[in-house]
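Subject: Structure handover

Hello,

Here is the structure I promised you. Please open it and keep it beside this email while you read. My notes follow below.

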Amino acid sequence: SECSLARGHNRLCSLPLLTYALIQCDALRPGKGTFRPTIDARCAASSNLSAMPPASLARGIAPRIEVWLSGDDCREPVVDSVNMNMEALRQVIMEYQPVRDEQSSPDASDISFPVLFVDSPRLVMVFDCRYLDNSQSLVPIREKIKISDTLLSLVEIAAQSYRVPAPIYYFLGGSSNANFNEVTPISLLHDILLEDSGTSDGVSDYHAWTAKIAEEVLEEIDAESKDSSR
């Protein structure tokens, strides 16, 4: 299956994920199950695709996801590209989780926590990774963390880079976060994790889809081999 999906080819290895992303678009997604778009809806989606500049289209297909650290001193991401699935995301975040002991300060502002910077035409978001920790064993989520001026500036630049400025969401802890009146941070994060999203024809996620495609490719190769040997 690795060979069938061009995993060893530098220029083609991203093609399966790109294809998967494109078939999730309303313009191309198969009309099955509860997804039954009208012709007008498909035309509108196709028109939006064709009108988007290449950079915006790329971010729409695969949002930029970076890992930064909280605090005033962080000037660049510690990880500049993260795979778009929850398992990979958790593995990366675990490497940057702070270790605290009983003598540590309880003030969250004294500790560097991993935060996600998400950039897409749909939204620009800074996400406190403590929201992924259900136990909240390090610091209660009610304690707000700070981010650097560099990251704040990057958020504004990213939002304004699109023809229609993207809405900005900050989820950094604290009790006065107005974003919670509209959405929850976890729901927004799940929406941008492309590899965890299912298809309209019942495939559970990207990995299940690639396994299915690899199997079909191998069947085609076997069939051609049998025909050529006759």
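First, a term: two strands pair if DSSP finds at least two bridges between them. Strand S2 (residues 114–119) and strand S3 pair in the antiparallel sense, over five bridges. One example is Val-115, whose bridge partner in S3 is Asp-128. A hairpin of four residues joins S2 to S3.

Please note that this is a predicted model. The mean pLDDT of the chain is 78. Of its residues, 79% reach 70 or more. One stretch needs care: pLDDT stays under 50 over residues 134–140. The model has 12 contacts there beyond four places in sequence. Where pLDDT is low, the predicted coordinates should not be read in detail.

Now the overall layout. The chain has seven helices and four strands. Along the sequence, the pattern reads α-α-α-β-α-β-β-α-β-α-α. The chain has 230 residues, and 37% of them count as buried. It exposes about 13500 Å², with carbon and sulfur atoms supplying 52% of that. Take the contacts with a separation of 6 or more: residues 24 or more positions apart account for 63% of them.

Back to S3. Which strand pairs with S3 in the parallel sense? That is strand S4 (residues 168–171), and the two share four bridges. Val-124 has Ile-168 as its bridge partner in S4.

Is S3 enclosed or open? S3 covers residues 124–128, and five of the five are buried, so the strand is largely enclosed by the rest of the structure. In a regular strand the side chains alternate between the two faces of the sheet. Both faces of S3 are covered. Val-124, Val-126 and Asp-128 are buried on one side. Met-125 and Phe-127 are buried on the other.

Next, Arg-36. This residue is found in the loop between helix H1 (15–22) and helix H2 (39–51). Arg-36 counts as exposed because its relative accessibility is 60%, and the cut-off for exposed is over 50%. Arg-36 and Ser-200 are 164 residues apart along the chain, yet their C-alpha atoms are separated by 9.5 Å.

Last, the cysteines. A disulfide is a covalent bond between the sulfur atoms of two cysteines. How many disulfides does the model have? The count comes to zero. Cys-43 counts as partly exposed, at 47% relative accessibility. Cys-74 is buried, with a relative accessible area of 11%.

Best wishes

Terms used: Residues numbered from 1 in each chain as written. Predicted model: local features only at pLDDT ≥ 70, side-chain atom pairs only at ≥ 80, totals over all residues. Heavy atoms only, no water. Buried < 20%, exposed > 50% of the residue type's maximum accessible area, 1.4 Å probe, protein only. Disulfide = S-S within 2.5 Å. pLDDT = per-residue confidence, 0-100. Contact = heavy atoms within 4.5 Å. Areas by Shrake-Rupley, 256 points an atom, 1.4 Å probe, with all protein chains shown as cover.
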